[in-house]
Structure formats: structure tokens, C-alpha cells
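Hello,

Here is the model I promised to pass on to you. Please open it alongside this message, and my notes follow below.

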Amino acid sequence: AGGFAAAKTMLNSGFANFEHVQLHVGEENFTPIKVKLGVEQYCEYAVDMPQSLIVERGKSEAISYEVTMEKSVTAPVEQGQAVGAVRVYCDGQEIGNYPVTAVETIARIDFKTGLGLLFDALTQM
């Protein structure tokens, strides 16, 4: 019975002193990433971060984000390659650092592919 009481006290303390906070990084913080010498012009990416975190009660308004993104990358780009990061802060202290990664592999453009793209562009005019 003593173990149950201790566990109950610990849980009550946790619920009284911490809160569950939804994380939301605005889309305006994410910019397109130009791909140099690639078969695609832009790199699609994803952020692998949780939807929520547990913080001290009353600190939810002190959550801030810092998003750093590459302005451009040079092909080839590998799926999963880091192209940025999202850092989460609470009261100025970093509490999370999550990678922004390329969703797909983008090959480097070669002469044959470039000629084909040029031909396609000219025939659609």
C-alpha cells in the first residue's frame, strides 16, 4: 500500500507542477529551398518534431521557436539530408532541437536531362 501512496503523490505533484503544451511553428517560418544543378528546382522537406511537450506549469507563454533553413542546396540531395533545424526554447533555454530534412532524393542534372528539360520548355511555348 505504501508504494501506491508514493506513486499517487508523485503523479499529483507532476500534474500540479507541469503542463502539456501544443507546439506550433508558423508556416511563415519555412521558406522554399532552391536546388542548384538539380533535376528539381525546389526541395520539399519535413520537420520531425513532436506535436507537444511537457513544461513547467505557467511557462507555456514562454515557448519560442528558432527556425534555420538553408537558402539553397546543391544537387545531389539525399532523402533525409538535413536542410535546416527547428529549436524550441522555454524562457530562453533550449528544450528541443529538431532536424528539417529533405523528403526525396534529387539527382544532379546531367547534359541529357538538361537538354530534355529545355526541349520540353520550348515545345510548351
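**The sheet**

Four strands form an open sheet in the order β4-β9-β8-β6, with antiparallel pairing. Strands here are DSSP runs of E with at least two residues, numbered from the N terminus, and two of them pair if DSSP finds at least two bridges between them. Before going further, please keep in mind that this is a predicted model, in which local features need pLDDT of at least 70 and side-chain atom pairs count only at pLDDT 80 or more, while totals for chains, interfaces and linings use all residues. Residues are numbered from 1 along each chain as its sequence is written, and side-chain values use heavy atoms, with hydrogens and water left out.

At the edges of the sheet stand β4 (45-47) and β6 (63-69), each with a single partner strand, so one side of each is left without a neighbour in the sheet. On average, neighbouring strands are turned by 20° against each other, direction ignored; the axes behind this angle are lines fitted to C-alpha atoms. Three bridges join β4 and β9 in the antiparallel sense, and Tyr-45 stands opposite Ala-102 in β9.

**The cores**

The largest nonpolar core has 14 residues. Such a core is a set of buried Ala, Val, Leu, Ile, Met, Phe, Trp, Tyr and Cys residues joined through side-chain atoms within 4.5 Å. Buried means under 20% relative accessible area, exposed over 50%, and partly exposed in between (1.4 Å probe, protein chains only). Among the residues with the most contacts inside this core are Phe-30, Ile-33, Cys-43 and Val-100. At least two core residues come from each of β2 (33-36), β8 (82-90) and β9 (93-102).

Leaving aside residues up to four places away in sequence, Phe-30 touches Val-25, Tyr-45, Val-47, Val-67, Met-69, Val-86 and Val-100, where contact means heavy atoms within 4.5 Å. There is also a second, separate core of eight residues, including Val-21, Leu-53, Val-88 and Tyr-98.

**Salt bridges**

How many salt bridges are there? The count comes to three, taking a side-chain nitrogen of Lys or Arg within 4 Å of a carboxyl oxygen of Asp or Glu. One of them joins Lys-59 and Asp-91, at 2.6 Å from N to O. Lys-59 lies in the loop between β5 (52-56) and β6 and Asp-91 in the loop between β8 and β9, so the pair ties together parts that are 32 residues apart in sequence. Lys-59 is partly exposed at 24% relative accessibility, whereas Asp-91 is exposed at 53%.

Glu-66, Arg-87 and Glu-94 are linked in a network of salt bridges. Within it, Arg-87 meets Glu-66 at 3.9 Å, N to O; as Arg-87 lies in strand β8 and Glu-66 in strand β6, the pair ties together parts that are 21 residues apart in sequence. The closest N and O atoms of Glu-94 and Arg-87 are 3.6 Å apart. Relative accessibility is 23% for Arg-87, 34% for Glu-66 and 37% for Glu-94.

**Backbone details**

Asp-91 returns here, with a positive phi near 55° although it is a residue other than glycine. Leu-37, in the loop between β2 and β3 (42-43), also is not a glycine and has a positive phi of about 60°; Leu-37 is partly exposed, at 45%. Finally, the peptide bond from Ala-75 to Pro-76 is cis, with omega near 5°, and Pro-76 sits in the loop between β7 (72-74) and β8.

Best wishes

Methods:
Axes fitted to C-alpha atoms, helices over the stretch in contact; angles between N-to-C directions.
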